[in-house]
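Please find below a colleague's note on this structure. It is set out as numbered points.

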Amino acid sequence: MRIGAMLGDISRSLFKRPVTERYPFERRPTPGRLRGLVTFDPARCTGCKICVRDCPARAVELLVVDKATKRFVMRFHTDRCTYCAQCVVSCNFDALGMSHEQWELAALSREPFALLLGRPEDVEALLNPPSPVPSPVATPTVSPA
Ligand code: SF4
Ligand code: SF4
């Protein structure tokens, strides 16, 4: 680069505001087409598992709470997901989407990367299954001497 052109750039830069964004203190609105966290609408899910079959990263699992009443919970592995949107395209029932607002997914440990998506009561039922009813203990009989 010629010295004259370089001096011109330097002098122009002296009077310009920096273009660096002050993230995370200031956040710009994200574009509507940004592919962020996968969203799941359990009311639309039929349990067909096409999303599980088509996901190239094995990032989704469908957990069955009650098949008869179509109660399903999606286990979503954000650390495996490549955000390709194949699961969204494959779902014929519009049960999956991608949030353009939830995209800040970094974490310091692996635990936050496995999400359970679904109705709160169904997630609770999976996390804390009802304990089995204990079978009655037979009372020993004492035979007379
Ligand atoms: S493809 Fe859609 S309807 Fe089928 S299991 Fe996945 S989310 Fe549910
Ligand atoms: S966006 Fe792609 S990688 Fe992520 S869960 Fe859906 S199909 Fe799998």
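1. The model is predicted: local features need pLDDT of at least 70, side-chain atom pairs count only at pLDDT 80 or more, and totals for chains, interfaces and linings use all residues. Residues are numbered from 1 along each chain as its sequence is written, while chains are lettered from A and ligands numbered from 1 in the order in which they are written.

2. Ligand 1 is surrounded by 13 residues, the closest being Cys 45, Cys 48, Cys 51, Cys 91 and Ala 95; a residue is near a molecule if its C-beta atom, placed from the backbone, lies within 6 Å of it. This shell has nine nonpolar, three polar and one charged residue. Cys and Ala are among the residues that count as nonpolar; Asp, Glu, Lys and Arg count as charged, and Gly is among the polar ones.

3. The residues around ligand 2 include Val 38, Cys 55, Cys 81, Cys 84 and Cys 87. Ten residues of this shell are nonpolar and two are polar, with no charged residue.

4. Three strands form an open antiparallel sheet in the order S2-S3-S5. Strands are DSSP runs (E, at least two residues) numbered from the N terminus, and two strands pair if DSSP finds at least two bridges between them. Strand S2 (60-66) and strand S5 (114-117) are the edge strands, each pairing on one side only.

5. S2 and S3 pair over six bridges, with Asp 66 opposite Arg 71 in S3. In their hairpin, four residues lie between the strands, and Lys 70 takes a positive phi near 55 degrees.

6. Strand S3 (residues 71-77) is joined to S5 by four bridges. Here Arg 75 stands opposite Leu 116 in S5.
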